[in-house]
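Please read the following briefing with the sequence and the model side by side.

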Amino acid sequence: MAAVGASGGETVDPAGAQRYAAAWTRAVRRLGFVPLSAAETERLLLGHTLRLAEVLLSAEEPAAAAEEVGRSLVAAHLTEPGVIEWSIRTLGERFRTEVLAVAGPPDLDERLAVMRGALAAGFAGALRERTFVQQEGIARAMWQARDDAEQALRDSEARFRAVFDGAAIGIGIAAADGTIIDVNHAFADMLGYPVEELRQLNVASLFHADDAAGMWELYQELIEGKHDAVRVEKRYYRKDGSAVWTDLAVSLIRHDDGRPRFTVAVVEDITERYELQQRLRFQALHDPLTGLPNRTLFFDTLAGLVEQPDAPGRVGVCFLDLDGFKAINDSLGHALGDRLLVMIARRLADCVAEQGYLVARMGGDEFVILVDGVTAVQDVITVAESALAAVAAPVHVGDQQLAVSASIGIVDSAVAGTSVVELMKAADATLYWAKAEGRDRWAVYDPERSARDSARSALAAGLPLALDRGEFVLHYQPIVSLLDGRMLAVEALVRWQHPELGLIGPDRFIGLAEETGLIVRLGEWVLRQACRDAQRWHTEFPDAGLVVSVNLAARQADRPAIVDTVADALASSGLPAELLQLELTESAVMGSAGEPLRTLHRLAALGVRLAVDDFGTGYSNLAYLRRLPITCLKLAGPFVEGIRGTEPDDADHRDERIVDALVRLAHALELWVTAEAVETEVQAERLRALRCDTAQGRLFGPPGPAEAIVARLRDPE
């Protein structure tokens, strides 16, 4: 493939020339330092390649052009011996076959030989000329450098003296034995001495008493050559006996043979900066309101105790929180609340001052006492009781007399094997226990109780995901007629099929669901699933007329959407409304007025039955019952348990009279009565005698899965 060359003919292969120049560039850069970039080098060598090719194929004398290229290589600082060697070696057959697109003149080989020699001659000549120039320049530079060095020395001495005498920071020069050779005025003024007096002293006499030994040891190591320079923050004595904080940098000056000659010290007065740093450090580690150590200093101190490897002994923590402080703030104002906190902080610090225990404010109305060096938990309890007594003393703030109390969580632990996080987590949990148990008291950390609380928290955290995963199941307990024993209804009872803990009863998670608000979602799932199961039973056993009874939580019943939810559950399942009974607690329905009462009437209008669960345990307005659209009262289990004697005469007659009164009341209001927790035949017999309508309990069958209800419907006997 031919291309137009510089002479206008198709003489040079551009791609070949580019490859040759690229190879030339790689060789040059491989052989030594190249001051040009790779792209710049390749452009330069491509130009030389095209120039040499043009001359070879023209009538021009090749020697002059080749010599010019050789000189150009030197001018570009491509002077490594290997560069000219590679250039000459390839300027032959490789050049002919790779760069030239035509055969060339008959004397091409001779012209190539001439070109190689001229290239070498141009390279060598240019290199020789450059060497001569460099040598001459070096000679001139040496003479100039000597003159410059002498002048520089004179200038340096003058500058040093000017800097030494006029510097704003202190500079001192001392012999290897510490004798002061010279100091500037700034150094003398800093320490309050005349310059002449300092020249008669030893540096050791200026060291501060608190760090003299360490300072002298550091100075000795410098003199011995262990360090070439040191920099420290140190105190010195002024002549009047006061102390000055300095930033000290000391350098060792050696003889030519390496022996220490003298030291040069540069000293800056940082007293104001140091005091500012101390104030800032105090502010960073102390509470601005009370002046007590803050949580940062407390955690640092506690970490220093527990993070030592194999640390012996025990450590205690009293985590204190004022009772009802928010009410004081809200009613009397934050300014008075702050004054109260200052007084409480002072009392707490005073009550442990003799023992030297750390008292810190954690924030808000929370304080903590670090009880180190204890031998038993009783030591920590003693401190906690002292703190409670200190807080409980009447507090006079302005014209107000306040009665204040506190709750304290106590943790006592061996130092080895514990951590700051574990201790404070335990203290926080224990403080919560003390608050829950009535306040104005202390509680001691109990690992077993903590484990139970942790398990409870884990269950609460797992509730939403369990509902999403479909881990809940329904069991049904039969409700039977006390006249003929026929199963008339079943109560839907939810269970949690936990993947790790197995089947969990409602007593372990219903309360958690109510606390977290998940009871609404869970209750809706129970309602819909119970309706689906009941519809299957109704389809298979249409004559059974089996009613499914579902508990509604107070939160569910209070929601305006509950009527729509129930209606949708019935519609989507196909269950007749009369086969669904909704159980509400006595507190949820008794005293309902306004919208809650209207909600009950709307539910009744759907055709579902309404029952009051655990009737008799609350403080009911009995006359109010007749206003409610309910159909059934379920007697609370404790009343039924009172008549469970093995013989009829063993029953508690007071409970029997209560049950009798409740049954009579319900029947007077034309309500159905169901007794819960029936476990013995004696109970069943007494309930029949009292004309109770239906009952449920272990005697009539424990809760079981939906399949158990199907089996019972198939075989009623």
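In this predicted model, valine 317 has leucine 370 as its bridge partner, and leucine 370 belongs to strand 10. That pair is part of the pairing between strand 8 (residues 314-322) and strand 10 (residues 366-374), which run antiparallel and are joined by eight bridges. Strands of a sheet pair through backbone hydrogen bonds, and the pairing can be either parallel or antiparallel.

**Strand 10 and its other neighbour**

- Strand 10 is also joined to strand 9 (residues 358-363), and here five bridges hold the two strands in an antiparallel arrangement.
- Within this second pairing, glycine 363 has glutamate 366 of strand 10 as its bridge partner.
- Strand 9 and strand 10 form a hairpin that leaves two residues between them, and glycine 364, which sits in the turn, has a positive phi of about 60°.

- Another part of the model holds an open sheet of five strands, whose order is 4-3-7-6-5 and whose pairing is antiparallel.
- The edges of this sheet are strand 4 (180-183) and strand 5 (229-237), each of which pairs on one side only.
- On average, neighbouring strands of this sheet are turned by 25° against each other when direction is ignored.
- Inside the sheet, strand 6 (residues 243-254) pairs with strand 7 (residues 260-269) in the antiparallel sense, over nine bridges, and leucine 252 has threonine 263 in strand 7 as its bridge partner.
- Helix 6 (residues 108-166) lies across strand 3 (170-175) and strand 4, and its direction is at about 115° to strand 3.
- Helix 10 (residues 271-285) lies across strand 5, strand 6 and strand 7, running at about 120° to strand 6.

**Salt bridges**

- Glutamate 515 forms a salt bridge with arginine 456, and the closest N and O atoms of the pair are 2.8 Å apart. This pair links distant parts of the chain, since glutamate 515 is in helix 17 (residues 510-516) while arginine 456 is in helix 16 (residues 447-469), 59 residues apart.
- Of these two partners, glutamate 515 is exposed, with a relative accessible area of 52%, whereas arginine 456 is partly exposed at 40% relative accessibility.
- Glutamate 524 and arginine 528 also meet in a salt bridge through their side chains, at 3.1 Å from N to O. Because these residues are four residues apart in helix 18 (residues 519-540), about one helical turn separates glutamate 524 from arginine 528. Glutamate 524 counts as partly exposed, at 30% relative accessibility.
- The side chains of arginine 686 and glutamate 656 meet in a salt bridge as well, with 1.8 Å from N to O. Here too the pair links distant parts of the chain, as arginine 686 is in helix 25 (residues 681-689) and glutamate 656 is in helix 24 (residues 653-668), 30 residues apart.
- Arginine 686 is partly exposed, with a relative accessible area of 22%, whereas glutamate 656 counts as buried, at 10% relative accessibility.

**Cysteines**

- A disulfide is a covalent bond between the sulfur atoms of two cysteines, and the count for this model comes to zero.
- Cysteine 318 is in no disulfide, and the nearest cysteine sulfur, which belongs to cysteine 351, is 9.2 Å away. Cysteine 318 counts as buried, at 1% relative accessibility.

- Arginine 439 has a positive phi of about 70° although it is not a glycine. Arginine 439 is found in the loop between helix 15 (420-436) and strand 14 (442-444), and it is partly exposed, with a relative accessible area of 40%.
- Aspartate 614, also a residue other than glycine, has a positive phi near 55°. Aspartate 614 lies in strand 20 (residues 609-615), and it is partly exposed, with a relative accessible area of 32%.

Technical notes: Residues are numbered from 1 along each chain as its sequence is written. This is a predicted model: local features need pLDDT of at least 70, side-chain atom pairs count only at pLDDT 80 or more; totals for chains, interfaces and linings use all residues. Side-chain values use heavy atoms; hydrogens and water are left out. A disulfide is a pair of cysteine sulfur atoms within 2.5 Å. Buried means under 20% relative accessible area, exposed over 50%, partly exposed in between (1.4 Å probe, protein chains only). Two strands pair if DSSP finds at least two bridges between them. Axes are lines fitted to C-alpha atoms, for helices over the stretch in contact, and angles run from 0 to 180 degrees between N-to-C directions. Contact means heavy atoms within 4.5 Å. A salt bridge is a side-chain nitrogen of Lys or Arg within 4 Å of a carboxyl oxygen of Asp or Glu.
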